[in-house]
Amino acid sequence: EKGGHEYFMLKEIEEQPEALANTLRGHFEAGRIILDEQRISDQDLRDVDKVFVIACGSAYHSGLVAKYAIEHWTRLPVEVELASEFRYRDPVLDRDTLVVAVSQSGETADTLEAVRHAREQKARVLAVCNTNGAQIPRESDAVLYTHAGPEIGVASTKAFLAQIAANYLVGLALAQARGTKYPDEVAREFAELEAMPAAVQKVLSTVEQTREIARRISDSRAVLFLGRHVGFPVALEGALKLKELAYMHAEGFAAGELKHGPIALIEEGLPVVVVMPSPKGRAVLHSKLVSNISEIQARGARTIVIAEEGDETVRPFADELIEVPAVPTLLQPLVSTVPLQVLAAEIASSRGYDIDKPRNLAKSVTVE
Ligand code: M6R
């Protein structure tokens with residue numbers, strides 16, 4: 001069942017190209033993005049003036065990634081919020097608010113209650129879900145299914161990548177309805193998404209190298225993760241994977257915040273994973289991150305750098321370097337997350353933990 005793998009998670013990591021391809025399939029027909037079940041009229045979609053993404057855990061991180069794309073493509077303000085916080089404040093919601101509820105299981109109690117709250121306030125709710133007919137899609141106005149296939153490992157991997165792709169389709173559907181992107185631009189963005197399964201497949205060829213790096217740092221007490229722009233939520237996701245699987249203290253930071261506090265944590269030998277932006281696509285951020293890395297390296301940190309292939313500037317600052325293919329900036333999380341999943345799984349495995357069933361965790365959290 002595990003397809004010759006030691007654990008499901010590794011199998012599911014390897015299924016990611018397929019999960020992406022299946023999630024995209026059939027959503028661009030006759031020059032238009034189409035959702036699965038759309039009980040929201042085109043006019044209502046055009047009238048949307050604000051977007052909320054609500055979710056928990058990794059699904060929440062997929063929303064943080066999507067915020068960059070949806071705001072850029074639609075010029076609509078996007079707020080991403082933990083479902084467990086959402087309804088306990090007094091969010092401003094009305095008929096013109098689109099709430100995107102992201103959930104692999106479709107049964108997460110916090111997300112479901114947030115959906116109910118949003119609908120009571122007359123907001124339109126669109127579910128992004130991996131489980132056919134689950135409660136959250138049943139109670140939503142529109143649905144877009146991720147087709148990652150069943151995810152057995154408690155730590156989300158292929159569902160997370162599929163969520164990013166699906167959230168991006170929601171962004172493109174909105175841009176199309178609002179006319180903030182011309183049809184040929186929407187077509188181009190979709191084509192770039194379609195090229196991602198092959199890019200992720202390429203990253204999978206670095207799995208063994210990443211596992212070796214993981215074994216070298218597996219006895220560390222803590223690991224920090226740094227990123228900027230879309231690399232910031234990737235850093236949060238890398239830290240979450242490590243907490244849940246390896247039971248290590250792990251934190252993700254926006255690299256620009258380093259000097260505002262976290263740099264005080266840097267000490268001799270501390271592994272710091274840095275998710276680099278593209279040196280060409282995001283030159284300014286890239287050079288800022290290079291100077292961050294040189295600072296933390298000077299303080300004795302052990303730097304593990306995820307960088308675009310051919311990024312020579314970063315090489316001198318990387319104690320360990322994992323290369324990922326060059327892809328458009330907004331799509332970078334789809335490649336840069338993969339080594340972080342492998343890193344967490346392998347550290348956990350070398351510590352002797354059960355990767356598919358980490359302690360204290362359930363695959364779907366059906367109580368608040
Ligand atoms: O089924 P959901 O997507 O609603 O689950 C949300 C979180 O519980 C889930 O992503 C959790 O954080 C994972 N274990 C992360 O790997």
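User: How many cavities of 30 Å³ or more does a search of the whole structure find?
Analyst: The model is predicted, with local features needing pLDDT of at least 70 and side-chain atom pairs pLDDT 80 or more, while totals for chains, interfaces and linings use all residues. Residues are numbered from 1 along each chain as its sequence is written, and side-chain values use heavy atoms, with hydrogens and water left out. A cavity is a set of points, on a 1 Å grid over the protein atoms alone, where a 1.4 Å probe fits but cannot get out. For cavities of 30 Å³ or more, the search of the whole structure finds one.

User: How much space lies in the largest cavity?
Analyst: Its lining, meaning residues with an atom within 4 Å of a point, includes R228, H229, M276 and Q332. That lining divides into four nonpolar, four polar and two charged residues; Ala, Val, Leu, Ile, Met, Phe, Trp, Tyr, Cys and Pro count as nonpolar, Asp, Glu, Lys and Arg as charged, and the others, Gly among them, as polar. Volume is the space filled by probe spheres set on grid points, which are joined across faces, edges and corners. For the largest cavity this is about 40 Å³.

User: Which residues lie closest to the centre of the largest pocket?
Analyst: A pocket is an open set of points with protein on both sides within 12 Å along at least five of seven lines. About 570 Å³ of space lies in the largest one. Of the 23 residues that line it, the closest to its centre are C56, G57, S58, K363 and V365.

User: Which elements each supply at least two residues of the lining of the largest pocket?
Analyst: By class, this lining has eight nonpolar, 10 polar and five charged residues. Helices (H or I, at least four residues) and strands (E, at least two) are DSSP runs numbered from the N terminus. Those that each supply at least two lining residues are α4 (57–74), β6 (97–103), α6 (109–120) and α12 (231–246).

User: Which elements each supply at least two residues of the lining of the second largest pocket?
Analyst: The second largest pocket has a volume of about 210 Å³. Of its 13 lining residues, the closest to the centre are W73, E189, E192, P328 and L330. The lining comprises seven nonpolar, three polar and three charged residues. At least two residues each come from α4 and α9 (183–194).

User: Where does the ligand sit?
Analyst: A molecule sits in a pocket if more than half of its atoms lie within 2 Å of the pocket's grid points. By that test the ligand sits in the largest pocket.

User: How far is an oxygen atom of the ligand from an N or O atom in the side chain of S103?
Analyst: A polar contact here is a pair of N or O atoms within 3.5 Å. A backbone N or O atom of S58 lies 3.1 Å from a ligand oxygen, and one of Q104 lies 2.6 Å from a ligand oxygen. For the side chain of S103, the distance is 2.6 Å.

User: What percentage of the area that the ligand exposes when taken alone does the protein bury?
Analyst: Accessible areas come from the Shrake-Rupley method with a 1.4 Å probe. Taken alone, the ligand exposes 410 Å², and the share of this buried by the protein is 91%.

User: Where does Y247 lie?
Analyst: Y247 is a residue other than glycine with a positive phi, near 55 degrees. Y247 lies in the loop between α12 and β10 (249–254).

Methods. Polar contact = N/O pair within 3.5 Å; in protein donor to acceptor, adjacent residues only side chain to side chain.
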